[in-house]
Amino acid sequence: MDVMNAVDRSTAGLLAAVGGIELVVQNGYLHYTLPMRCDTAPFKDNNVREAIKYAMDRQLLLDRVLYGFGYLGNDHPVPNSLRDFATPAELPQRAYDPDKAKFHLKKAGLGSLKVQLNTSEGAFTGAVDAAVLVQESARAAGIEIEVVRQPSDGYWSNVWRAKPWVVSYWSGRPTADWIFTEGYYSAASYNDAFWANERFDKLLLEARAELDQTKRRDMYVEMQRIVSGNGGQCIPVFAADILAKSDKLAHGPVAVNWDMDGYKLADRWWFA
């Protein structure tokens, strides 16, 4: 075998230690999400959504589910490889903060919260473990999460977009407009948080017609702030795609937009 994709993250380090094998790690668009239905109680209240976002230990998920292969998410879907990505100076990274989570619960009129989180290995590898880690970290904020393990068969038909809170993923898209249009525009068919924001919709349409790149980027940064602070998506981590290859294979710069060098490995790679 000369190359394989979707390397198991838990054993990637062992594989890399084998002579003649190299890992190619692509930090791209893939991100893991926990969409909350904004049309369903208790997630109608943004204070509840904010509480859950602050009650999530993202670093723990990065370390234990992704084994460090990825980077922290900030509750919006724009990857850090895109020009329109909101930098930490423009949108500070959300940190695990049980006290802030309690503050938002109090603003919602709640002393504690009990919710169900539906998950399945059909969502992504490690999705059940991720849900359990979210459950554990949320306890310190007074949030009791019942992890409901659903069958992989039928997960996308019977659970995703059907249950109030689920585990999901997005492979991402190569532009901010594309991912926002497919998953965040109020009328989008894949808006799995059932979220609507008038200001966001207005900016999305205006940005398409804006020819000034600086002004357009400012619009996308504002959209990321709106989604992160008001949206129904918890996006704790972006996950790297991992390839293992023989050291006989050579290649140039590797694209991060999709797995296997943007699905062009067969065209771009060669035997040295």
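Colleague: Where is Thr33 found?

Modeller: Thr33 is in strand β3. Strands are DSSP runs of E, at least two residues; helices are runs of H or I, at least four; both are numbered from the N terminus. This is a predicted model: local features need pLDDT of at least 70, side-chain atom pairs count only at pLDDT 80 or more, and totals for chains, interfaces and linings use all residues. Residues are numbered from 1 along each chain as its sequence is written, and side-chain values use heavy atoms, with hydrogens and water left out.

Colleague: Is Thr33 buried or exposed?

Modeller: Thr33 is buried, at 0% relative accessibility. Buried means under 20% relative accessible area, exposed over 50%, partly exposed in between, with a 1.4 Å probe and protein chains only.

Colleague: And which residues is Thr33 in contact with?

Modeller: Contact means heavy atoms within 4.5 Å. Leaving aside neighbours within four places in sequence, Thr33 is in contact with Val166, Val167, Ser168, Tyr169, Trp170, Gln233, Cys234 and Ile235.

Colleague: New topic. How many residues has the largest nonpolar core?

Modeller: The largest nonpolar core has 41 residues. Such a core is a set of buried Ala, Val, Leu, Ile, Met, Phe, Trp, Tyr and Cys residues joined through side-chain atoms within 4.5 Å. Ile52, Ile143 and Trp165 have the most contacts inside this core.

Colleague: Which elements supply at least two residues of this core?

Modeller: Among them are β3 (31–35), α2 (46–54), β5 (113–119), α5 (127–138) and β6 (143–149). α5 gives the most, with six residues.

Colleague: What is Trp165 in contact with?

Modeller: Beyond neighbours within four places in sequence, its contacts include Leu34, Phe43, Ile52, Val115, Val134 and Ile145.

Colleague: What about a second core?

Modeller: A second, separate core has 23 residues, including Tyr184, Ala193, Phe200 and Leu203.

Colleague: Over to the loops. Where does Met56 lie?

Modeller: Met56 lies in the loop between α2 and α3. Met56 is buried, with a relative accessible area of 0%. Not counting residues up to four places away in sequence, Met56 touches Leu34, Leu61, Tyr96, Val134, Ser137, Cys234 and Pro236.

Colleague: And Gly122, which loop is that in?

Modeller: Gly122 is in the loop between β5 and α5. Gly122 is partly exposed, with a relative accessible area of 27%. Leaving aside neighbours within four places in sequence, Gly122 is in contact with Ser152 and Trp156. Gly122 and Val167 are 45 residues apart in sequence and 9.7 Å apart in space, C-alpha to C-alpha.

Colleague: Helices next. Which residues of α7 are buried?

Modeller: In α7 (residues 176–183), Ala176, Ile179, Phe180 and Gly183 are buried. Seen down the axis of α7, the buried residues fall within an arc of 95°, so they line one face of the helix. The arc is that of the directions from the helix axis to the C-beta atoms.

Colleague: What do those buried residues pack against?

Modeller: They pack against β7 (168–170), α8 (198–209) and α9 (213–230).

Colleague: Last one. How do the axes of α2 and α9 cross?

Modeller: The axes of α2 and α9 come within 8 Å and cross at roughly 90°. Axes are lines fitted to C-alpha atoms, for helices over the stretch in contact, and angles run from 0 to 180 degrees between N-to-C directions. That makes α2 roughly perpendicular to α9. Angles of 65 to 115 degrees count as roughly perpendicular, under 35 as roughly parallel, over 145 as roughly antiparallel and the rest as oblique.
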